[in-house]
Amino acid sequence: MRVLFIIGHPAHVHLFKHVIYNLQKKGHEIKIIARDKDCTLELLNDYGLNYELVNIYYKNMLLKIYGLIKTDLEVYKIVKRFKPDVMCGVLDPYIAQVGKITGIPSIIFTDTEDATIANLLTIPFADVVCTPACFRKQFSPRKHVRYNGYHELAYLHPKYFKPDPSVLDKLGLSKGDKYIIVRFISWAASHDVTLKGIDRKSELEFIRTLERYGQVFISSERRLNNKLEKYRLNIPAKDIHSLLYYASLYIGEGGTMAAEAAILGTPAIHIESTKNGIPTGELSGNFRELRYKYDLLYYYPDQNQALNKAVEILENDKAKRKWMKKRKKLIEDKIDVTEWIVDFIENYSENVNRG
């Protein structure tokens, strides 16, 4: 079987890496198309995953439209050469659209309900859309498949993830040291353009409040000012999950990292709101489930509420142990997402016809 994956974000590398390894072990031929966003290529190289680069990425919305057409053509050429039996991506319009043109099935994964533009460009063309069971939207019943898990469990399930304590040595830390990871995003994604997070004018004050309770490390997609630059996290991208695992708290604008922290048993707080002041976590099925069912993650529309919750957690010496117990319950409830994806791909025709 020939399977093509398109990877346009670091989180996609993590979602598919064990799927790809398992398919390769079973003798399937894999092709990866990658885009150079953030640390995507660094991760692919670190994990020994060969790829073909389609380096088209624009921040301007008008140029994004031009880029969509150009990337479709590039992907089309690769697909015609490789001749895959099936293609997989995360809310990726390119393989969905090219799949529709070529007649090659596209399997689209998504866990983001409010990605309006990406949904419009992708879902109508996709053959199958796979989402967590808690996903709040309903697509066409003939193409929508749900599974009992999250994207993050494909790589953070204990079967696949073992924290590496040497990451602490790299930062001069010891087990038991309190430290906090803060995430700033670039707000360049199409689904981020109307959203807001931490007020840039008060970022330093925000960091200094957290600093009273432990060392602060900033993971940032955007440029930091001189006063914040000293907090920037400088470790290989592949080490971030081990660092999250041992952290006392995660807080920030990054939704993926918030979910990762929660699933790793680290208290997680997400700061993001719509233009109407609604916390975006309320619009997300996996965030709501992590909040209301497992009590692993909190989300707020502004940093003041979030900071109050952060202080409450950091002042509780038993918080980390409580979160680890809650994490155990989550792991017991959910499936092996990697195994599920491998089975779905290998038995694509049977699974689709069964649906």
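In this predicted model, strand β1 (residues 2–7) and strand β4 (residues 86–90) pair in the parallel sense over three bridges, where strands count as paired if DSSP finds at least two bridges between them. The chain's secondary structure comes to 16 helices and 12 strands, these being DSSP runs numbered from the N terminus (helices H or I, at least four residues; strands E, at least two). The radius of gyration is 20 Å, close to the 20 Å that the globule rule gives for 355 residues, so the chain is as compact as a globular protein of that length; this radius is taken over C-alpha atoms, and the rule is 2.2 Å times the number of residues to the power 0.38.

**Basis of the values**
- Residues are numbered from 1 along each chain as its sequence is written, and side-chain values use heavy atoms, with hydrogens and water left out.
- Local features need pLDDT of at least 70 and side-chain atom pairs count only at pLDDT 80 or more, whereas totals for chains, interfaces and linings use all residues.

**Seven-stranded sheet**
- The strands of this open sheet follow the order β3-β2-β1-β4-β5-β6-β7 with parallel pairing, and its edge strands, β3 and β7 (144–147), each pair on one side only.
- Within the pairing of β1 with β4, Phe5 stands opposite Cys88 in β4.
- Helix α1 (residues 10–25) lies across β1, β2, β4 and β5 (106–109) and runs at about 165° to β1, with angles taken from 0 to 180 degrees between N-to-C directions of axes fitted to C-alpha atoms, for helices over the stretch in contact, and contact meaning heavy atoms within 4.5 Å.
- Helix α15 (residues 337–346) lies across β1, β4, β5, β6 (128–132) and β7, running at about 150° to β7.

**Five-stranded sheet**
- A second open sheet has the order β9-β8-β10-β11-β12, again with parallel pairing, and its edge strands are β9 (215–220) and β12 (297–300), each of which pairs on one side only.
- Strand β8 (residues 179–184) pairs with β10 (residues 249–252) in the parallel sense over four bridges, and Val182 stands opposite Ile251 in β10.
- Helix α8 (residues 203–211) packs on this sheet, touching β8, β9, β10 and β11 (268–271), and its direction makes about 160° with that of β8.

**Salt bridges**
- The structure holds 17 salt bridges, each defined as a side-chain nitrogen of Lys or Arg within 4 Å of a carboxyl oxygen of Asp or Glu.
- One of them joins the side chains of Lys31 and Glu52 (2.7 Å, N to O), linking strand β2 (residues 29–34) to strand β3 (residues 52–53) across 21 residues.
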